[in-house]
Amino acid sequence: MEILFIADAMTDFDAGGADPLRDQAVEHFDFAGVVAETVAQMKPLAMAKRLVIRPQLPPGALPLIGDRRRCMQIMLNLVHNAVKFTEKGSIDIVVRTEAQ
């Protein structure tokens with residue numbers, strides 16, 4: 001199963017027109033670190049099902065500005081669901097930059 005994660009999906013837009021960043025801790029962070037942490041946390045669960053998590057990232061840092069905690073929560077949820085609903089094989093986390 002391949003998860004294509006688009007950074008734009010990390011921001012919720014309130015239907016009421018409220019500022020979507022109002023309650024988020026905006027900071028500079030490296031998305032590659034979020035992916036690595038997600039893989040490390042989900043690896044035992046995947047291994048228990050004999051699954052492999054395969055991150056595919058462009059080389060170098062992947063700087064983002066946003067809520068790192070929320071981004072981590074989203075990634076954990078996506079990968080957890082992938083592990084939960086994948087019976088055999090691997091889970092690919094594919095990250096691409098806009099230039100790719």
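**Figure 1. Burial and surface of the predicted chain.** Of the 100 residues in the protein chain, 33% count as buried. The model is predicted. The chain exposes about 6600 Å².

**Figure 2. Order of the elements.** The protein chain holds two helices and five strands. Read from the N terminus, the order is β-β-α-β-β-α-β.

**Figure 3. Confidence along the chain.** Mean pLDDT for the protein chain is 82, and 75% of its residues reach 70 or more. Strand S3 (residues 52-56) has the highest confidence, at a mean of 97. Strand S1 (residues 2-4) has the lowest, at a mean of 40. Over residues 1-15, pLDDT stays under 50. For this stretch the model has 33 contacts beyond four places in sequence.

**Figure 4. The largest nonpolar core.** This core has 21 residues. Phe 31, Ile 53 and Ile 93 have the most contacts inside it. Helix H1 (31-48), helix H2 (68-85) and strand S5 (90-94) each supply at least two of the core residues. In soluble globular proteins, nonpolar side chains tend to be buried together.

**Figure 5. Thr 38 in helix H1.** Thr 38 has its place in helix H1. Its relative accessibility is 0%, so Thr 38 counts as buried, the cut-off being under 20%. Leaving aside neighbours within four places in sequence, Thr 38 is in contact with Met 72, Met 75, Leu 76 and Val 79.

**Figure 6. Salt bridge between Glu 37 and Arg 68.** The whole structure has two salt bridges. In the Glu 37 to Arg 68 bridge, the closest N and O atoms are 3.0 Å apart. Glu 37 lies in helix H1 and Arg 68 in helix H2, so the pair ties together parts that are 31 residues apart in sequence. Both partners are partly exposed: Glu 37 at 31% relative accessibility, Arg 68 at 25%.

**Figure 7. Salt bridge between Arg 54 and Asp 92.** Here the closest N and O atoms are 2.6 Å apart. Arg 54 sits in strand S3 and Asp 92 in strand S5, and the pair links distant parts of the chain, 38 residues apart. Arg 54 is partly exposed, with a relative accessible area of 40%. Asp 92, at 11% relative accessibility, counts as buried.

Conventions
Residues numbered from 1 in each chain as written. Predicted model: local features only at pLDDT ≥ 70, side-chain atom pairs only at ≥ 80, totals over all residues. Heavy atoms only, no water. pLDDT = per-residue confidence, 0-100. Helix = DSSP H or I, 4+ residues; strand = E, 2+ residues; numbered from the N terminus. Contact = heavy atoms within 4.5 Å. Buried < 20%, exposed > 50% of the residue type's maximum accessible area, 1.4 Å probe, protein only. Areas by Shrake-Rupley, 256 points an atom, 1.4 Å probe, with all protein chains shown as cover. Core = buried A, V, L, I, M, F, W, Y, C linked by side-chain atoms within 4.5 Å. Salt bridge = Lys/Arg side-chain N within 4 Å of Asp/Glu carboxyl O.
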